[in-house]
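Hi,

Here's the structure I promised to pass along.

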Amino acid sequence: MDDNKKIITRAIYGNQIQTFRNIIRIATGEMETLKDVLSCTVNGAKILNASIEGRDKNSIKVRVNSEFEIHIWYMTDSDTNVYKVNAQSSDLIEIVKPGADRFTREEVNAWMKEKPKCIDTTIISEKEGNQVAVQLEYVLEAEIIGETLLNVKVYKT
């Protein structure tokens with residue numbers, strides 16, 4: 001005799017890897033006398049949180065908020081200095097997969113796939129004061145884990 005069993009389990013619904021290039025504007029503050037930016041690095045990067053922002057029948061949108069510790073080496077008239085600042089970014093990753101509506105009690109996991117890097121820096125002069133525009137490139141990966149129902153056919157031997 002055949003028997004059908006229902007199993008409730010947690011499974012990875014889907015994941016997505018995406019490369020982001022964002023420009024972060026930093027007020028010069030302590031760097032008021034800067035003449036040129038010599039170099040820029042990102043030493044610390046972490047995911048602050050990740051959450052589901054929206055969904056439809058075929059996808060789930062995940063909002064990932066990150067924080068970066070940016071070090072800017074700059075030149076003044078007579079010296080070179082380092083300015084350290086923490087900056088935040090918010091990115092949207094869309095995980096596309098049919099059947100997204102069948103999962104419940106979802107959890108989101110997100111992480112940096114590669115170490116962020118500084119691609120370019122530019123000094124921007126404005127009425128309110130100078131800013132340094134830092135272009136960062138980083139790769140995020142996000143996955144959705146949800147509860148689903150499996151129907152299993154059991155054969156007795």
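Two strands count as paired here if DSSP finds at least two bridges between them. Strand S3 (residues 59–75) and S4 go well past that cut-off, pairing in the antiparallel sense over 17 bridges. One example to click on: isoleucine 60 has isoleucine 95 in S4 as its bridge partner. Before you read on, keep in mind that this is a predicted model.

That pair belongs to an open sheet of 3 strands, ordered S2-S3-S4, with antiparallel pairing.

Zooming out, the protein has 0 helices and 6 strands, and the pattern along the sequence reads β-β-β-β-β-β.

Now the overall shape. The radius of gyration is 23 Å, whereas a compact globule of 157 residues would come out near 15 Å. Along the principal axes, the C-alpha atoms fill a box of roughly 90 × 30 × 20 Å.

Which share of the residues counts as buried? For the 157 residues of the protein, the figure is 36%. The accessible surface comes to about 9700 Å², and carbon and sulfur atoms make up 45% of that.

Last one, on contacts: among those with a separation of 6 or more, 78% are between residues 24 or more positions apart.

Cheers

Notes
Residues numbered from 1 in each chain as written. Predicted model: local features only at pLDDT ≥ 70, side-chain atom pairs only at ≥ 80, totals over all residues. Heavy atoms only, no water. Helix = DSSP H or I, 4+ residues; strand = E, 2+ residues; numbered from the N terminus. Rg over C-alpha atoms; globule rule 2.2 N^0.38 Å. Buried < 20%, exposed > 50% of the residue type's maximum accessible area, 1.4 Å probe, protein only. Contact = heavy atoms within 4.5 Å. Areas by Shrake-Rupley, 256 points an atom, 1.4 Å probe, with all protein chains shown as cover.
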